[in-house]
Amino acid sequence: LRLDYVTKIFPRGLMYMLPPESAFVFEEAKMSFINGQFVSTILLSQAFIEHMFQNYVQSIGNKSLAKSGLAAITRFLRKGNIVHPFLLDKIDQLRLIRNPFTHLPAPGSPHSISQRAFQKQQDPYHALATDAAAALGLMYQIAITKI
């Protein structure tokens with residue numbers, strides 16, 4: 001089922017156009033999802049998106065912004081109307097989902113997996129699988145978006 005999902009949305013021929021680190025992150029995110037490693041999928045999907053955006057802001061000569069992180073870069077892209085706001089909103093949501101896995105959340109944090117699963121009345125593992133599928137789809141969408 002996960003392999004079918006990846007096969008359906010996977011962009012072909014992209015690896016040749018990426019820096020090696022970005023290509024490896026892309027592949028690892030895909031394989032993590034197939035293997036059911038959903039936290040890894042979420043973390044790697046955001047890392048790939050950040051790579052793509054860092055590459056873009058570096059290409060326009062803004063090296064300091066490229067080092068500022070994804071939140072700062074998305075604000076810049078939103079302000080300049082460079083990337084569609086719908087995608088930027090999805091990226092901001094992905095950052096909120098990812099953060100509790102990279103920074104231990106305070107008890108009761110609304111973005112923790114336990115709180116989000118409770119609010120959706122889902123098993124946390126199912127919620128995590130849903131989040132990972134969305135993260136992977138967003139990563140693929142950013143990979144094929146021309147900026």
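Visitor: Before we start, what does buried mean here?
Guide: Buried means under 20% relative accessible area. Also, this is a predicted model.

Visitor: OK, serine 22. Is that one buried or exposed?
Guide: Serine 22 has 4% relative accessibility. The cut-off is under 20%, so serine 22 counts as buried.

Visitor: Where does serine 22 lie?
Guide: Serine 22 is in helix 2, which covers residues 20-34.

Visitor: And what does serine 22 touch?
Guide: Leaving out residues up to four places away in sequence, serine 22 touches Phe48 and His51.

Visitor: New topic. How many residues does helix 6 have?
Guide: Helix 6 has 18 residues, 85-102. From first C-alpha to last, helix 6 reaches 25 Å. That is close to the 26 Å expected at 1.5 Å a residue.

Visitor: Which residues of helix 6 are buried?
Guide: Leu87, Leu88, Ile91, Leu94, Arg95, Ile97, Arg98 and Pro100.

Visitor: What covers them?
Guide: The cover includes helix 3 (38-59), helix 5 (70-79), helix 7 (113-120) and helix 8 (124-144).

Visitor: Let's take helix 5 and helix 6. How are packed helices described, anyway?
Guide: By the angle between their axes and the distance between the axes.

Visitor: So what are the values for helix 5 and helix 6?
Guide: The angle is about 165°, and the axes are 10 Å apart. That makes helix 5 roughly antiparallel to helix 6. Their crossing is left-handed.

Visitor: Which residues make the contact?
Guide: Helix 5 brings Leu70, Ala71, Thr74, Leu77 and Arg78. Helix 6 brings Pro85, Leu88, Asp89, Ile91, Asp92 and Arg95. By class, the contact of helix 5 with helix 6 has 6 nonpolar, 1 polar and 4 charged residues.

Visitor: What about helix 3 with helix 5? At what angle do their axes cross?
Guide: Roughly 55°, and the axes come within 10 Å. That makes helix 3 oblique to helix 5. The crossing of helix 3 and helix 5 is left-handed.

Visitor: Which residues of helix 3 and helix 5 meet?
Guide: On helix 3, they are Gln46, Ile49, Glu50, Phe53, Gln54, Tyr56 and Val57. On helix 5, they are Leu70, Ile73, Thr74, Phe76 and Leu77. This contact of helix 3 with helix 5 has 8 nonpolar, 3 polar and 1 charged residues.

Visitor: Which residues of helix 5 are buried, and what do they pack against?
Guide: The buried ones are Leu70, Ala72, Ile73, Thr74 and Leu77. They pack against helix 3, helix 4 (63-66) and helix 6.

Notes:
Residues numbered from 1 in each chain as written. Predicted model: local features only at pLDDT ≥ 70, side-chain atom pairs only at ≥ 80, totals over all residues. Heavy atoms only, no water. Helix = DSSP H or I, 4+ residues; strand = E, 2+ residues; numbered from the N terminus. Expected span 1.5 Å × (residues − 1). Buried < 20%, exposed > 50% of the residue type's maximum accessible area, 1.4 Å probe, protein only. Contact = heavy atoms within 4.5 Å. Axes fitted to C-alpha atoms, helices over the stretch in contact; angles between N-to-C directions. Parallel < 35°, antiparallel > 145°, perpendicular 65-115°, else oblique. Left-handed = near helix turned anticlockwise from the far one by under 90°. Nonpolar A, V, L, I, M, F, W, Y, C, P; charged D, E, K, R; others polar.
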